[in-house]
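Please look at the sequence and the structure below. The report that follows starts from one pair of residues and widens from there to the whole chain.

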Amino acid sequence: MRRTNAVISNISDVVNIMGKESYDELRDALEEVCSEIAAKFDFYDKGGRPRKAAILDIIASSTCVSCLSRRFSETANPTRIDGFYTEAHRLAVSILVEELYDKLSSEGYSVSILNEAETKYGKVDVLLKPTNFGIALQYGTNELAIEVKTGVSMSIPQVFRYLLDKENHTVILWRIRPRQILSFDGEHLNPLLKRFMKTAILRGRRLLTASEHTACKHPAPTNWSPVQTELQEMLDDFSVGIMQTLPLVTKTAFEKLGVRRTANVPNEIELHDSETG
Ligand SMILES: [Zn+2]
(Lines give C-alpha, C1' and ligand atoms only; values in the text may rest on other atoms or scores of the structure.)
Protein backbone atom coordinates (compact mmCIF):
# COMPACT_ATOMS: atom_id res chain seq x y z
CA MET A 1 0.00 0.00 0.00
CA ARG A 2 2.79 2.38 0.92
CA ARG A 3 4.59 1.66 -2.31
CA THR A 4 1.42 2.31 -4.33
CA ASN A 5 0.93 5.65 -2.61
CA ALA A 6 4.50 6.67 -3.41
CA VAL A 7 4.06 5.85 -7.09
CA ILE A 8 0.81 7.79 -7.33
CA SER A 9 2.35 10.80 -5.63
CA ASN A 10 5.25 10.66 -8.08
CA ILE A 11 2.98 10.58 -11.08
CA SER A 12 1.00 13.57 -9.83
CA ASP A 13 4.28 15.40 -9.26
CA VAL A 14 5.29 14.72 -12.83
CA VAL A 15 1.94 15.88 -14.19
CA ASN A 16 2.28 19.01 -12.07
CA ILE A 17 5.71 19.78 -13.42
CA MET A 18 4.74 19.28 -17.05
CA GLY A 19 1.80 21.66 -16.62
CA LYS A 20 3.97 24.38 -15.07
CA GLU A 21 5.00 27.06 -17.48
CA SER A 22 5.98 29.84 -15.11
CA TYR A 23 9.67 30.41 -14.95
CA ASP A 24 9.59 31.15 -11.21
CA GLU A 25 7.66 27.98 -10.40
CA LEU A 26 10.12 25.89 -12.39
CA ARG A 27 13.02 27.56 -10.66
CA ASP A 28 11.49 26.89 -7.24
CA ALA A 29 10.84 23.23 -8.12
CA LEU A 30 14.42 22.92 -9.32
CA GLU A 31 15.70 24.45 -6.05
CA GLU A 32 13.71 21.87 -4.16
CA VAL A 33 15.10 18.95 -6.17
CA CYS A 34 18.63 20.29 -5.68
CA SER A 35 18.08 20.54 -1.92
CA GLU A 36 16.83 16.97 -1.77
CA ILE A 37 19.77 15.68 -3.82
CA ALA A 38 22.17 17.61 -1.56
CA ALA A 39 20.55 15.99 1.48
CA LYS A 40 20.72 12.51 -0.04
CA PHE A 41 24.37 12.67 -1.12
CA ASP A 42 25.65 15.14 1.49
CA PHE A 43 26.46 17.57 -1.29
CA TYR A 44 26.94 20.91 0.49
CA ASP A 45 29.50 23.70 0.24
CA LYS A 46 31.46 25.06 3.20
CA GLY A 47 28.63 27.45 4.03
CA GLY A 48 26.20 24.53 4.30
CA ARG A 49 24.37 25.40 1.07
CA PRO A 50 23.55 22.77 -1.57
CA ARG A 51 26.23 22.73 -4.30
CA LYS A 52 23.60 23.62 -6.89
CA ALA A 53 25.93 24.31 -9.80
CA ALA A 54 27.76 21.01 -9.39
CA ILE A 55 24.45 19.19 -8.88
CA LEU A 56 23.09 20.54 -12.17
CA ASP A 57 26.33 19.69 -13.98
CA ILE A 58 26.12 16.10 -12.79
CA ILE A 59 22.39 15.74 -13.49
CA ALA A 60 22.97 16.91 -17.06
CA SER A 61 25.90 14.53 -17.56
CA SER A 62 23.94 11.28 -18.01
CA THR A 63 20.44 9.88 -18.38
CA CYS A 64 21.44 6.82 -16.28
CA VAL A 65 20.48 7.26 -12.60
CA SER A 66 22.98 4.62 -11.60
CA CYS A 67 25.84 6.57 -13.20
CA LEU A 68 24.51 9.80 -11.65
CA SER A 69 24.33 8.20 -8.23
CA ARG A 70 27.95 7.03 -8.56
CA ARG A 71 29.10 10.47 -9.65
CA PHE A 72 27.41 12.14 -6.69
CA SER A 73 29.06 9.70 -4.31
CA GLU A 74 32.51 10.07 -5.87
CA THR A 75 32.59 13.85 -6.36
CA ALA A 76 32.18 14.67 -2.68
CA ASN A 77 35.87 15.50 -2.13
CA PRO A 78 37.59 18.08 -4.33
CA THR A 79 40.95 17.00 -5.75
CA ARG A 80 44.27 18.81 -6.00
CA ILE A 81 43.53 19.80 -9.61
CA ASP A 82 40.28 21.45 -8.58
CA GLY A 83 42.44 23.53 -6.26
CA PHE A 84 44.52 24.76 -9.19
CA TYR A 85 41.43 25.81 -11.12
CA THR A 86 39.99 27.51 -8.05
CA GLU A 87 43.14 29.57 -7.63
CA ALA A 88 43.28 30.49 -11.31
CA HIS A 89 39.62 31.45 -11.20
CA ARG A 90 40.07 33.62 -8.12
CA LEU A 91 43.00 35.39 -9.74
CA ALA A 92 41.06 36.11 -12.95
CA VAL A 93 38.04 37.45 -11.02
CA SER A 94 40.21 39.70 -8.89
CA ILE A 95 41.98 41.11 -11.98
CA LEU A 96 38.67 41.72 -13.73
CA VAL A 97 37.08 43.47 -10.73
CA GLU A 98 39.92 46.00 -10.53
CA GLU A 99 39.97 46.50 -14.31
CA LEU A 100 36.23 47.23 -14.43
CA TYR A 101 36.44 49.48 -11.38
CA ASP A 102 39.36 51.42 -12.81
CA LYS A 103 37.90 51.83 -16.32
CA LEU A 104 34.44 52.85 -15.08
CA SER A 105 35.88 55.30 -12.54
CA SER A 106 38.11 56.91 -15.15
CA GLU A 107 35.03 57.37 -17.37
CA GLY A 108 33.41 59.37 -14.59
CA TYR A 109 31.06 56.74 -13.14
CA SER A 110 30.78 56.23 -9.43
CA VAL A 111 31.41 52.57 -8.74
CA SER A 112 31.01 50.43 -5.66
CA ILE A 113 32.24 46.90 -5.05
CA LEU A 114 29.69 45.06 -2.96
CA ASN A 115 30.99 42.52 -0.50
CA GLU A 116 28.68 40.12 1.24
CA ALA A 117 29.17 41.86 4.58
CA GLU A 118 27.84 45.17 3.23
CA THR A 119 24.14 45.70 2.94
CA LYS A 120 24.07 49.41 2.16
CA TYR A 121 26.10 51.01 -0.58
CA GLY A 122 24.59 54.46 -1.01
CA LYS A 123 24.02 56.03 -4.38
CA VAL A 124 26.27 54.73 -7.11
CA ASP A 125 26.11 54.43 -10.88
CA VAL A 126 27.54 50.97 -11.20
CA LEU A 127 27.59 48.17 -8.67
CA LEU A 128 30.11 45.32 -8.94
CA LYS A 129 29.48 42.18 -6.97
CA PRO A 130 31.98 39.30 -6.94
CA THR A 131 30.18 35.92 -7.00
CA ASN A 132 31.16 32.26 -6.94
CA PHE A 133 31.39 32.20 -10.71
CA GLY A 134 32.63 35.67 -11.57
CA ILE A 135 31.11 39.10 -11.24
CA ALA A 136 27.58 40.47 -11.27
CA LEU A 137 27.16 44.04 -12.50
CA GLN A 138 24.27 46.42 -12.03
CA TYR A 139 23.77 49.75 -13.77
CA GLY A 140 20.37 51.32 -13.22
CA THR A 141 17.90 48.60 -14.09
CA ASN A 142 20.41 46.75 -16.27
CA GLU A 143 22.00 43.64 -14.85
CA LEU A 144 24.73 41.47 -16.22
CA ALA A 145 26.75 38.50 -15.07
CA ILE A 146 30.28 37.76 -16.21
CA GLU A 147 31.19 34.12 -15.67
CA VAL A 148 34.88 33.34 -15.61
CA LYS A 149 35.97 30.02 -17.12
CA THR A 150 39.49 28.80 -16.51
CA GLY A 151 39.24 25.39 -18.20
CA VAL A 152 38.93 24.61 -21.91
CA SER A 153 35.84 22.45 -21.91
CA MET A 154 32.35 23.88 -22.04
CA SER A 155 28.99 22.19 -22.13
CA ILE A 156 25.63 23.54 -23.25
CA PRO A 157 23.98 22.63 -19.90
CA GLN A 158 26.65 24.72 -18.24
CA VAL A 159 25.56 27.76 -20.26
CA PHE A 160 21.96 27.16 -19.20
CA ARG A 161 23.04 26.78 -15.61
CA TYR A 162 24.44 30.30 -15.71
CA LEU A 163 21.14 31.67 -17.01
CA LEU A 164 18.94 29.99 -14.41
CA ASP A 165 19.18 32.55 -11.64
CA LYS A 166 17.16 35.25 -13.31
CA GLU A 167 14.72 35.28 -16.17
CA ASN A 168 15.91 37.34 -19.15
CA HIS A 169 19.39 37.50 -17.75
CA THR A 170 22.39 38.29 -19.90
CA VAL A 171 25.50 36.30 -19.25
CA ILE A 172 28.96 36.84 -20.66
CA LEU A 173 31.27 33.83 -20.58
CA TRP A 174 34.90 34.82 -20.33
CA ARG A 175 36.70 31.71 -21.54
CA ILE A 176 40.29 32.55 -20.84
CA ARG A 177 42.28 29.70 -22.36
CA PRO A 178 40.30 29.37 -25.61
CA ARG A 179 40.42 33.23 -25.81
CA GLN A 180 36.67 33.52 -26.27
CA ILE A 181 34.10 36.00 -25.04
CA LEU A 182 30.59 34.61 -25.55
CA SER A 183 27.38 36.33 -24.56
CA PHE A 184 24.04 34.62 -23.99
CA ASP A 185 20.70 36.32 -23.81
CA GLY A 186 18.22 34.55 -21.51
CA GLU A 187 15.24 36.13 -23.26
CA HIS A 188 16.09 34.48 -26.58
CA LEU A 189 16.93 31.15 -24.98
CA ASN A 190 13.91 31.18 -22.65
CA PRO A 191 11.87 28.29 -24.16
CA LEU A 192 14.88 25.99 -24.28
CA LEU A 193 15.96 27.14 -20.84
CA LYS A 194 12.59 26.18 -19.36
CA ARG A 195 12.77 22.81 -21.08
CA PHE A 196 16.22 22.31 -19.59
CA MET A 197 14.83 23.10 -16.12
CA LYS A 198 11.98 20.63 -16.56
CA THR A 199 14.42 17.96 -17.72
CA ALA A 200 16.66 18.54 -14.71
CA ILE A 201 13.66 18.42 -12.31
CA LEU A 202 12.31 15.19 -13.81
CA ARG A 203 15.70 13.49 -13.90
CA GLY A 204 16.52 14.68 -10.38
CA ARG A 205 13.28 13.16 -9.12
CA ARG A 206 14.01 9.93 -10.98
CA LEU A 207 17.39 9.84 -9.25
CA LEU A 208 15.82 10.54 -5.84
CA THR A 209 13.29 7.74 -6.17
CA ALA A 210 15.65 5.18 -7.75
CA SER A 211 16.27 1.96 -5.88
CA GLU A 212 19.54 1.98 -3.94
CA HIS A 213 20.64 -1.31 -5.38
CA THR A 214 20.38 -0.71 -9.12
CA ALA A 215 23.70 -1.08 -10.88
CA CYS A 216 24.49 -0.41 -14.51
CA LYS A 217 27.20 -1.73 -16.81
CA HIS A 218 28.44 1.67 -17.99
CA PRO A 219 32.19 2.07 -17.47
CA ALA A 220 33.18 4.69 -14.89
CA PRO A 221 34.98 7.66 -16.46
CA THR A 222 38.71 7.64 -15.73
CA ASN A 223 40.09 10.48 -13.65
CA TRP A 224 42.36 12.73 -15.64
CA SER A 225 45.45 13.74 -13.73
CA PRO A 226 47.93 16.05 -15.49
CA VAL A 227 51.67 15.64 -15.03
CA GLN A 228 53.80 18.61 -14.02
CA THR A 229 54.65 19.74 -17.56
CA GLU A 230 50.95 19.81 -18.44
CA LEU A 231 50.19 21.91 -15.38
CA GLN A 232 52.98 24.30 -16.39
CA GLU A 233 51.52 24.59 -19.89
CA MET A 234 48.08 25.26 -18.46
CA LEU A 235 49.38 28.02 -16.22
CA ASP A 236 51.38 29.67 -19.04
CA ASP A 237 48.43 29.49 -21.41
CA PHE A 238 46.13 30.89 -18.73
CA SER A 239 48.42 33.83 -17.91
CA VAL A 240 48.77 34.86 -21.55
CA GLY A 241 45.05 34.29 -22.17
CA ILE A 242 44.07 36.67 -19.34
CA MET A 243 46.14 39.53 -20.71
CA GLN A 244 45.00 38.97 -24.29
CA THR A 245 41.28 38.87 -23.57
CA LEU A 246 40.91 41.31 -20.65
CA PRO A 247 40.31 44.36 -22.91
CA LEU A 248 37.65 42.53 -24.93
CA VAL A 249 35.73 41.16 -21.94
CA THR A 250 35.71 44.67 -20.43
CA LYS A 251 34.48 46.21 -23.69
CA THR A 252 31.77 43.56 -24.12
CA ALA A 253 30.59 44.04 -20.53
CA PHE A 254 30.26 47.80 -21.03
CA GLU A 255 28.29 47.32 -24.25
CA LYS A 256 25.89 44.80 -22.73
CA LEU A 257 25.44 46.83 -19.57
CA GLY A 258 24.78 49.97 -21.56
CA VAL A 259 27.45 52.18 -20.02
CA ARG A 260 28.96 54.63 -22.44
CA ARG A 261 32.66 54.68 -22.80
CA THR A 262 33.08 58.39 -23.43
CA ALA A 263 34.87 61.10 -21.51
CA ASN A 264 31.63 63.09 -21.17
CA VAL A 265 29.27 61.21 -18.94
CA PRO A 266 25.72 62.56 -19.30
CA ASN A 267 23.61 63.24 -16.19
CA GLU A 268 20.94 60.72 -17.17
CA ILE A 269 23.10 57.79 -16.11
CA GLU A 270 22.69 58.50 -12.41
CA LEU A 271 20.95 55.71 -10.56
CA HIS A 272 18.18 57.74 -8.90
CA ASP A 273 16.78 59.10 -12.16
CA SER A 274 18.08 56.68 -14.77
CA GLU A 275 15.98 55.96 -17.82
CA THR A 276 14.95 52.37 -18.28
CA GLY A 277 15.43 50.38 -21.44
ZN1 LIG B 1 25.00 3.88 -15.99
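L128 has L137 in β3 as its bridge partner. The model is a predicted one, in which local features need a pLDDT of at least 70 and side-chain atom pairs count only at pLDDT 80 or more, while totals for chains, interfaces and linings use all residues. Residues are numbered from 1 along each chain as its sequence is written.

Strand β2 (residues 126-130) runs antiparallel to β3 and is joined to it by five bridges, where strands are DSSP runs of E with at least two residues, helices are runs of H or I with at least four, and both are numbered from the N terminus. Two strands count as paired if DSSP finds at least two bridges between them. The hairpin that links β2 to β3 passes through three residues.

On its other pairing, β3 (residues 134-139) meets β4 (residues 142-149) in the antiparallel sense, over six bridges. Y139 has N142 in β4 as its bridge partner, and Q138 stands opposite E143 of β4. The hairpin of β3 and β4 has two residues between the strands, and G140 takes a positive phi near 60° there. The two pairings of β3 are set out here.

| Strand pair | Bridges | Sense | Hairpin residues between strands |
|---|---|---|---|
| β2 and β3 | five bridges | antiparallel | three residues |
| β3 and β4 | six bridges | antiparallel | two residues |

Because five of its six residues are buried, β3 is largely enclosed by the rest of the structure; a residue is called buried if 20 or more other C-beta atoms lie within 10 Å of its own, exposed if 12 or fewer do, and partly exposed in between, with C-beta atoms placed from the backbone.

These strands belong to an open sheet of six strands with mixed pairing, in the order β1-β2-β3-β4-β5-β6. β1 (111-113) and β6 (180-185) stand at the edges with a single partner strand each, so one side of each is left without a neighbour in the sheet. From one strand to the next, the twist averages 20°.

Helix α7 lies across β5 (170-175) and β6, and runs at about 70° to β6; axes are lines fitted to C-alpha atoms, for helices over the stretch in contact, and angles run from 0 to 180 degrees between N-to-C directions. Helix α7 (residues 186-209) has a kink of about 45° centred on L192, the bend at a residue being the angle between axes fitted to the seven residues ending there and the seven starting there. Among the buried residues of α7 are L193, F196 and M197.

The axes of helix α6 (residues 156-163) and α7 come within 10 Å and cross at roughly 110°. That makes α6 roughly perpendicular to α7, a term that covers angles of 65 to 115 degrees. P157, F160 and L163 of α6 make the contact with G186, L189, L193 and F196 of α7, two residues being in contact if their C-beta atoms, placed from the backbone, lie within 7 Å.

Taken as a whole, the protein chain has eight helices and six strands, and 25% of its 277 residues count as buried.

How far can the model be trusted, and where is its confidence lowest? The average pLDDT of the protein chain is 80, with 78% of the residues scoring at least 70; pLDDT is the predictor's confidence in each residue, from 0 to 100. Confidence is lowest in helix α1 (residues 2-19), with a mean of 49, and highest in helix α2 (residues 23-41), at 93.

Technical notes. Parallel < 35°, antiparallel > 145°, perpendicular 65-115°, else oblique.
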